[in-house]
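Welcome! Take a moment to look over the sequence and the 3D view, and then let us walk through them together.

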Amino acid sequence: MEIFRKHLVASDLPYLRQLLTTTKASVAAFDTEADGLDIIESRPFLFQFGFINDHDELYAFAVDLEETTNWREFINVVS
């Protein structure tokens with residue numbers, strides 16, 4: 001299995017869009033890390049996601065939400 005890892009920044013959005021439109025994911029997952037457990041008061045600071053395609057290539061990404069001004073766009077691209 002080949003593994004691709006990348007810490008994404010805002011300039012990576014075109015790359016991410018292109019990858020997700022040309023690669024068919026067979027399994028995908030995502031998660032966030034927050035500064036607490038309260039669903040209303042806690043703020044997420046990390047968004048990670050990944051997928052495996054039909055060629056057994058694993059893609060794993062992380063977005064630092066504290067350093068990304070357009071983090072909603074990353075989440076919209078993935079979902």
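## Two salt bridges

A salt bridge, as the term is used here, is a side-chain nitrogen of Lys or Arg within 4 Å of a carboxyl oxygen of Asp or Glu. By that rule, the structure holds two of them. Please keep in mind that this is a predicted model.

Is aspartate 12 buried or exposed? Its relative accessibility is 12%, so aspartate 12 counts as buried, because buried means under 20%. Lysine 6, with 32% relative accessibility, counts as partly exposed.

The other salt bridge joins the side chains of glutamate 73 and arginine 17, at 2.4 Å from N to O. Glutamate 73 sits in helix α2 (residues 71-78) and arginine 17 in helix α1, so this pair ties together parts that are 56 residues apart in sequence. Both partners count as partly exposed: glutamate 73 has a relative accessibility of 32%, and arginine 17 has one of 38%.

## The chain from end to end

How many helices and strands does the chain have? There are two helices and four strands, and from the N terminus on they follow the pattern β-α-β-β-β-α.

## The sheet and its helix

Strands of a sheet pair through backbone hydrogen bonds, either parallel or antiparallel. Here, four strands form an open sheet in the order β1-β4-β3-β2, and the pairing is mixed. Strands β1 (2-8) and β2 (25-34) are at the edges, each pairing on one side only. From one strand to the next, the twist averages 15 degrees.

Now look at the pair made by strand β3 (residues 44-53) and strand β4 (residues 57-64): the two run antiparallel and are joined over seven bridges. Leucine 46 stands opposite aspartate 64 in β4.

Which strands does helix α1 lie across? Helix α1 (residues 13-22) lies across β1, β3 and β4, and it runs at about 150 degrees to β4.

## The overall picture

Along the principal axes, the C-alpha atoms of the chain fill a box of roughly 40 × 25 × 20 Å. The chain has 79 residues, and 27% of them are buried. Its accessible surface comes to about 5,700 Å², with 53% of that belonging to carbon and sulfur atoms.

Contacts complete the tour: among those between residues at least 6 apart in sequence, 50% join residues at least 24 apart.

Terms used: Residues numbered from 1 in each chain as written. Predicted model: local features only at pLDDT ≥ 70, side-chain atom pairs only at ≥ 80, totals over all residues. Heavy atoms only, no water. Pairing = 2+ DSSP bridges. Axes fitted to C-alpha atoms, helices over the stretch in contact; angles between N-to-C directions. Contact = heavy atoms within 4.5 Å. Buried < 20%, exposed > 50% of the residue type's maximum accessible area, 1.4 Å probe, protein only. Areas by Shrake-Rupley, 256 points an atom, 1.4 Å probe, with all protein chains shown as cover.
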